[in-house]
Amino acid sequence: MEEIATEKEAEESHRQDSVSLLTFILLLTLTILTIWLFKHRRVRFLHETGLAMIYGLIVGVILRYGIPATSGHDKSLSCSQEDRPFSTLLVNVSGKFFEYTLKGEISPGKINNVEQNDMLRKVTFDPEVFFNILLPPIIFHAGYSLKKRHFFRNLGSILAYAFLGTAVSCFIIGNLMYGVVKLMKLVGQLSDKFYYTDCLLFGAIISATDPVTVLAIFNELHADVDLYALLFGESVLNDAVAIVLSSSIVAYQPTGLNTHAFDAAAFFKSVGVFLGIFSGSFAMGAVTGVVTALVTKFTKLHCFPLLETALFFLMSWSTFLLAEACGFTGVVAVLFCGITQAHYTYNNLSVESRSRTKQLFEVLHFLAENFIFSYMGLALFTFQKHIFSPIFIIGAFIAIFLGRAAHIYPLSFFLNLGRRHKIGWNFQHMMMFSGLRGAMAFALAIRDTATYSHQMMFSTTLLIVFFTVWIIGGGTTPMLSWLNIRVGVQDPSEDDLNETRWRYFRVGVDPDQDPPPSNDSFQVLQGDGPDAARGNRTKQESAWIFRLWYSFDHNYLKPILTHSGPPLTTTLPAWCGLLARCLTSPQVYENQEQLRDEDSDFILNDGDLTLTYGDSTITANGSSGSHTATTSLEGRRTKSSSEEALERDLGMGDHEVSSRGTRLVFPLEDNA
């Protein structure tokens, strides 16, 4: 009879597992259908993530109050002989041994409030599920879909906001919240320990911004590309900085009896931990991307797109797990792996694999993100250790507002001192407004809820995410109008870029760059238009950081890792000829006449351009002579300096001929 009862319990557990997973699938299905309805009706006051949270709340209420308790088999046993808990416990019941695993500590006051509903237990996931399964595709997609041209145009500002801004925000929020904790203790609202390091940890967790709602609306309305790049770049790197910063704060362990007092040695050790974890994770992600690029270059995997896509997927995902297994941070590793894959490996993939990898990670990103937001709504009612303190919650909202303000406005002021194109007040106000909290803050908060302070931090983080996604996300469109930020700025789509570029090049196609002109006749642009100003702005503001490594990347890394770039026989010294021939792919030699770097445009030297009017031939250097009535444009590619290549990488590669204030832009396509 006991065996039959055990089998029935196992079958019931399996059924409940299926029901819990089906619940989340139905939530995602309902969210997708509602998203379609909102897009069809052009509704922008609520984003898809907000919808997922609402549906999660509804299901959470049903599970909490609509399903009766089904489990009544819990019994407390005393084990006074042991002084520490065990992760696995073997219990002898009438001669039979049963294995039990540790789930966490329960305070004595809540010993009778242990969850008795098996269904609620099933829908409460292990926090490691978020980190090992749901976060990797979200973070990788952010790096893999990065618009390099707009990103590097504002690289200096993005790095300042992501690193300095996150650190400033963390310490301001942490110190303000420590004052709030002192106030709670003074008025008798603090029932357990809450240390200064806990406040700093909360500052690091809540400093992780996730303006997914704002960016989605920006993308739909085609908002200003520079503002989009600033927000997107900050949020991508900000998540990485926040998680490493939180790990460094956890590693802060002063010597002595008071383990939460300030200690200079422990502080510098935490700084070293931050630098070590970040640099190690960065190197691991970049190395994995480089290995994938080499494998896809020197094998014939492109002949089997399915195998190629599968290998790309597994290598990308394994980066996260490898970094975590080695003690680094998988979020940082998989982010830079995605950037490296997009910069190098993408060019070695077949056309089918390029499309498949983009679509695969886009779908995984969409499902994982909406799953997390659905679970957020569910967790408000299913999580059993919530601690809501009105003083702490109000103080947290004030602290994140002040931290965001101290992050955006002072940094923007100092950045504008060195920027030719200033970050306007309307951009600063929009960035201040767009500091939403989302999946990363939730995942960091739920990862450790063992203590009183961490439980209060998790509950407060959950409410902050709800407020920012619903209220701030819903107010994005009116705020854009109120701040007079331009919308409708059309940027060529990825499909258009690929289609245009594929007519000219067999390899080295970059989907993030502007396509060459494809009209049948040259364009005449009077004076210095906005394109020239944009090119100058790009060169002056963002290229100075990019130039530091671009020459090496253009002349050596891309020829080694991809099928694009100049042949290594022309860039390496003569005594490296054998190595250069081995590392240069045959495609480079076969397509040398038509091949160009993935990020470059054709270059016309003075001697390459000849205009003929009647019997007079005028060259770009001003010489003239008799000639037949033809117009010629040489299509051969000439060797350029690294600075010229850099300008082409950032979309400034149109070499123009000026004559009496008129600029002539000639087509790259030979229609003869």
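Predicted model: local features only at pLDDT ≥ 70, side-chain atom pairs only at ≥ 80, totals over all residues.
Trainee: Where is the place of Asn 238?

Mentor: Asn 238 sits in helix α9, which covers residues 225–250.

Trainee: Is Asn 238 buried or exposed?

Mentor: Judge that by relative accessibility; buried means under 20%. Asn 238 has 1%, so it counts as buried.

Trainee: What does the side chain of Asn 238 reach?

Mentor: The backbone oxygen of Ser 207, at 3.0 Å.

Trainee: Let me step back to the whole protein. How many helices and strands does it have?

Mentor: There are 25 helices and nine strands. Of the 672 residues, 49% are buried.

Trainee: What share of the contacts comes from residues 24 or more positions apart?

Mentor: Count the contacts with a separation of 6 or more; residues 24 or more positions apart supply 78% of them.

Trainee: And what is the accessible surface of the protein?

Mentor: About 33,000 Å², with 62% belonging to carbon and sulfur atoms.

Trainee: Now salt bridges. How many does the structure hold?

Mentor: Look for a side-chain nitrogen of Lys or Arg within 4 Å of a carboxyl oxygen of Asp or Glu. The structure holds three such bridges.

Trainee: Which residue does Glu 234 meet in a salt bridge?

Mentor: Arg 404, with N to O at 2.9 Å. Glu 234 lies in helix α9 and Arg 404 in helix α14 (residues 390–418), so the bridge ties together parts 170 residues apart in sequence.

Trainee: Are Glu 234 and Arg 404 buried or exposed?

Mentor: Glu 234 is buried, at 1% relative accessible area. Arg 404 is buried too, at 3%.

Trainee: Which residue forms a salt bridge with Glu 128?

Mentor: Arg 447, its closest N and O atoms being 3.7 Å from each other. The two are 319 residues apart: Arg 447 is in the loop between α16 (439–446) and α17 (452–474), while Glu 128 is in helix α4 (residues 127–144). Arg 447 has 33% relative accessibility and counts as partly exposed. Glu 128, at 31%, is also partly exposed.

Trainee: What joins Arg 447 and Glu 324?

Mentor: A salt bridge, 3.8 Å from N to O. Glu 324 is in helix α11 (residues 305–325) and Arg 447 in the α16–α17 loop, so this pair ties together parts 123 residues apart in sequence. Glu 324 is partly exposed, at 25% relative accessible area. Shared partners then join Glu 128, Glu 324 and Arg 447 into one network.

Trainee: How many residues apart in sequence are Ser 350 and Cys 303?

Mentor: They are 47 residues apart in sequence, and 7.7 Å apart in space from C-alpha to C-alpha.

Notes. Residues numbered from 1 in each chain as written. Heavy atoms only, no water. Helix = DSSP H or I, 4+ residues; strand = E, 2+ residues; numbered from the N terminus. Buried < 20%, exposed > 50% of the residue type's maximum accessible area, 1.4 Å probe, protein only. Contact = heavy atoms within 4.5 Å. Areas by Shrake-Rupley, 256 points an atom, 1.4 Å probe, with all protein chains shown as cover. Polar contact = N/O pair within 3.5 Å; in protein donor to acceptor, adjacent residues only side chain to side chain.
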